[in-house]
Amino acid sequence: MTILGIETSCDETGAAIIKGTTKDKPVTLVSNTLATSLSLHAKTGGIIPEEAAREQLKVILPVIEETLKDIKKNDIDAIAVTHGPGLIGSLLVGIETAKTLSYLWDKPLIPVNHLFGHIYANFISDQDNLSTLPRFPSLALVVSGGHTDLVLLKENTDVLVIGSTRDDAAGEAFDKIGRLLGLSYPAGAKISEKAKYGNAANFPLPRPMKHSGDFDFSFSGLKTAVFNKVQTITNLTEEISNDVCASVEQAVVDVLVYKTLQAAQTYSVSSVLLGGGVSANTMLKTTLREELKKNYNLNLFVPKPKLCTDNAAMIAAAGFYRQQVVPINEITVDPDLYYTV
Ligand code: KG4
Ligand code: ZN
């Protein structure tokens, strides 16, 4: 089965082709095209939704054409498109384009939840050594700019959210703290880079909700703690700023790893998966992988960096494994969509 995926939930515009055989095997990545309006948003310190959607309108057709350049339309079996969560204008660009193509080409349309997309990025075989799929029950840690969730997958369509952030997402905390330090949006990767040259011990920070006894997270207190401490510093040198970055990264990773391990043990899972932009973070990947192996002999699945952040290949993959075709007149965008569909 060949699926065209389309992703426009935030500032990226993506189209990709994946091929799948059976649901017990990874899907293969055939093409993956992405256009981003990030440089535009770096100037404003965040995404202006109206501008993001306008840019997406300009590039969506060229992006789809590029991804289809070596594919015959007749070979496409279905189209998968993100219908939420995300920015309403951006989602509409993708949904309306996908509906039009579905109608013109007479192909079934699969609406895909972006959050499941991040999880199913782990089911794409364009990864080192991925010859097998994660095994159920799986535990997924979805860490993006908008979400920090621990999700238990008993089957492809039997899913339970066991923990979530009560306020800011991990990526959002990185971005907001980055702004405080004068780093451009999105700041996660920049904080991680600066952290290499810093010393966390010079700037101690709390571990919010680490011992709350549940699987929820909270990162807004971390941002406030950084803000309050930075306020007292008269000369924020590069050296101190690097120390702040090292400490922020360590605090976030510490809480994420601790709770993921607790959840893996509580639910006796067979695999653990990372998904979302923050899973590109090397310290998170390495620490979580080592701790899971050492404590529970569990393997960690992590998408390749280009499949961690928003892309259309993950949407096509989620479409393949979940395959819920919906008539085009019943598909709407849902900016607040959670893990229900
Ligand atoms: O999944 P994503 O591309 O978009 C959303 O669905 O939100 O995630 C973007 C988030 C941003 O907050 C960005 O700062 C963060 O992922 N991010 C990182 C890294 N790369 C991206 N955070 C920490 N370390 C990184 N290397
Ligand atoms: Zn995302």
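The donor residues of the zinc ion (ligand 2) follow the sequence spacing H-x3-H-x191-D. His 114 sits in helix H4 (residues 114–120), while Asp 310 sits in the loop between helix H10 (305–308) and helix H11 (313–322), so this pair ties together parts that are 196 residues apart in sequence. The model is predicted. It holds 14 salt bridges.

**Zinc site**

- The protein donors of the zinc ion (ligand 2) are His 114 through NE2, His 118 through NE2 and Asp 310 through OD.
- His 114 and Asp 310 are both buried.

- Side chains of opposite charge can pair when their charged atoms come close.
- Glu 55 and Lys 58 form a salt bridge, with their closest N and O atoms 2.9 Å apart.
- Both residues belong to helix H2 (residues 49–67); they are three residues apart, so about one helical turn separates them.
- Glu 55 is partly exposed at 24% relative accessible area, whereas Lys 58 is exposed at 58%.
- Glu 66 and Lys 69 also meet through their side chains in a salt bridge, at 2.8 Å from N to O.
- Glu 66 counts as partly exposed, with 40% relative accessibility; Lys 69 is exposed, with 56%.

**A salt bridge between helices, and a network**

- Lys 194 and Glu 238 pair in a salt bridge, 3.0 Å from N to O.
- Lys 194 lies in helix H6 (residues 188–195) and Glu 238 in helix H8 (residues 238–266), so the pair ties together parts that are 44 residues apart in sequence.
- Lys 194 is buried, with a relative accessible area of 11%.
- Glu 238 is exposed, with a relative accessible area of 54%.
- Arg 166, Asp 214, Asp 216 and Lys 259 are linked in a network of salt bridges.

**Asp 175**

- Asp 175 is part of helix H5 (residues 170–180).
- Its relative accessibility is 17%; the cut-off for buried is under 20%, so Asp 175 counts as buried.
- Leaving out residues up to four places away in sequence, Asp 175 touches Tyr 185, Pro 186, Ala 187 and Gly 188.
- A polar atom of the Asp 175 side chain lies 2.9 Å from the backbone nitrogen of Ala 187.
- Asp 70 is 105 residues from Asp 175 along the chain, and their C-alpha atoms are separated by 38 Å.

Notes:
Residues numbered from 1 in each chain as written. Chains lettered and ligands numbered in written order. Predicted model: local features only at pLDDT ≥ 70, side-chain atom pairs only at ≥ 80, totals over all residues. Heavy atoms only, no water. Helix = DSSP H or I, 4+ residues; strand = E, 2+ residues; numbered from the N terminus. Buried < 20%, exposed > 50% of the residue type's maximum accessible area, 1.4 Å probe, protein only. Contact = heavy atoms within 4.5 Å. Polar contact = N/O pair within 3.5 Å; in protein donor to acceptor, adjacent residues only side chain to side chain. Donors = N, O, S within 2.8 Å, 3.2 Å for Na, K, Ca; no water. Salt bridge = Lys/Arg side-chain N within 4 Å of Asp/Glu carboxyl O.
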